[in-house]
Amino acid sequence: MTGPPGGLVRVGPGPGTILVRMSQTPEEHLSGFVVAVDGPSGSGKSSVSKQVARTLGFGYLDTGAMYRALTWWCLHEDVDLTDADAIAAAAERFPLAIGTDPDAPTVTVGGADVAAAIRETRISTNVSAVATVIPVREILRVLQRRLISEASQAKGGVVAEGRDITTVVAPDAPVRILLTASEEARLARRSTELHGAADAAAVAATRSQIVDRDKADSAVSEFTVAADGVTTIDTSHLDFEGSVEAVLQVVGAARA
């Protein structure tokens with residue numbers, strides 16, 4: 001079976017889709033050169049990972065966007081977010097299509113472009129209810145490993161970022177990095193991104209999205225302390241270019 005064009009892989013029932021099945025286990029080694037980037041909210045995972053992928057000519061996968069898209073789908077389908085079984089059932093029929101081009105990381109659900117919608121506050125405040133359901137994490141982990149291998153084969157490598165990517169999703173990646181930063185730095189970055197400022201009011205408005213989500217997600221995912229073999233990069237005092245260069249140095253050493 002051949003996949004859809006443009007680096008997209010679809011999951012869910014219906015014509016032209018690929019059903020998620022447990023056909024790939026964590027013991028099946030990933031294909032190609034994989035750079036896995038983990039870290040808490042506001043550490044710079046997404047922006048840095050995209051730029052590293054562009055620089056290297058690699059594919060890019062934002063696994064967090066997959067959880068956000070599933071949250072959008074659950075809300076769209078009026079799924080009770082207090083019912084773990086209902087959320088898992090929604091994940092099984094989730095009609096996701098996600099692109100792996102760092103210059104156009106498209107996200108569609110059931111044909112609807114949700115790339116902007118999944119960044120809305122209502123998604124940010126509800127995503128932990130979805131992401132902390134263990135069966136959902138298993139369903140998406142299988143899909144994420146398949147996407148990583150396919151993108152890596154297509155582009156010669158892939159940068160995959162998200163929670164527990166270095167420990168659960170891609171523990172066999174040749175390069176595993178934990179991007180971290182102080183809470184102060186992370187709050188300032190996210191408030192600037194969301195509100196265009198990092199003053200006290202903007203930071204206060206952002207705090208729950210950063211601190212509360214990290215607390216909720218830490219129940220099912222370790223993303224604050226590097227596991228064995230994972231390189232830690234603290235970006236608290238690095239600008240964007242410096243953070244990208246730090247990651248590129250780690251990748252370069254691994255490829256040497």
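**Helices, core and salt bridges**

Mentor: Helix α6 is followed by G156, whose phi is positive, near 85 degrees. Helices here are DSSP runs of H or I with at least four residues, strands are runs of E with at least two, and both are numbered from the N terminus. This is a predicted model, in which local features need pLDDT of at least 70, side-chain atom pairs count only at pLDDT 80 or more, and totals for chains, interfaces and linings use all residues. Residues are numbered from 1 along each chain as its sequence is written, and side-chain values use heavy atoms, with hydrogens and water left out.

Trainee: How many residues does α6 have, and how far does it reach?

Mentor: α6 has 22 residues and reaches 31 Å from its first C-alpha to its last, close to the 32 Å expected at 1.5 Å a residue. The expected span is 1.5 Å times one less than the number of residues.

Trainee: Which residue just after α1 has a positive phi?

Mentor: That is G57, with a phi of about 75 degrees. Helix α1 covers residues 45-56 and reaches 16 Å between its first and last C-alpha, close to the expected 16 Å.

Trainee: Which residues of α1 are buried?

Mentor: K45, V48, S49, V52 and A53. Buried means under 20% relative accessible area, exposed means over 50%, and partly exposed is in between (1.4 Å probe, protein chains only).

Trainee: Where do they sit around the axis of α1?

Mentor: They fall within an arc of 135 degrees, so they line one face of the helix. The arc is that of the directions from the helix axis to the C-beta atoms. The buried residues of α1 pack against β2, β3, β7, β8 and α10.

Trainee: New topic. How many residues are in the largest nonpolar core?

Mentor: It has 44, and L70, L96, V136 and I148 have the most contacts inside it. Helix α2 (residues 63-76) gives the largest share, eight residues. A nonpolar core is a set of buried Ala, Val, Leu, Ile, Met, Phe, Trp, Tyr and Cys residues joined through side-chain atoms within 4.5 Å. Apart from this core lies another of 19 residues, among them V35, V52, V159 and V251.

Trainee: What does I148 touch?

Mentor: Leaving out residues up to four places away in sequence, I148 touches L30, V34, L61, V158, A160, I165, V169 and A170. Contact means heavy atoms within 4.5 Å.

Trainee: How many salt bridges are there?

Mentor: Six. A salt bridge is a side-chain nitrogen of Lys or Arg within 4 Å of a carboxyl oxygen of Asp or Glu. One of them joins D62 and R119, at 2.9 Å from N to O. D62 lies in strand β3 and R119 in the loop between β6 and α4, so the pair ties together parts that are 57 residues apart in sequence.

Trainee: Is D62 buried or exposed?

Mentor: D62 is buried, at 9% relative accessibility, while R119 is partly exposed at 40%.

Trainee: Which residue pairs with D164?

Mentor: R137, with the closest N and O atoms 2.6 Å apart. D164 is in the loop between β7 and α7 and R137 is in helix α6, so the bridge links parts 27 residues apart in sequence. D164 is buried at 5%, and R137 is buried at 10%.

Trainee: What about R141 and E138?

Mentor: Their side chains meet in a salt bridge too, at 2.6 Å from N to O. R141 and E138 are three residues apart in helix α6, so about one helical turn separates them. R141 is buried at 6%, and E138 is partly exposed at 31%.
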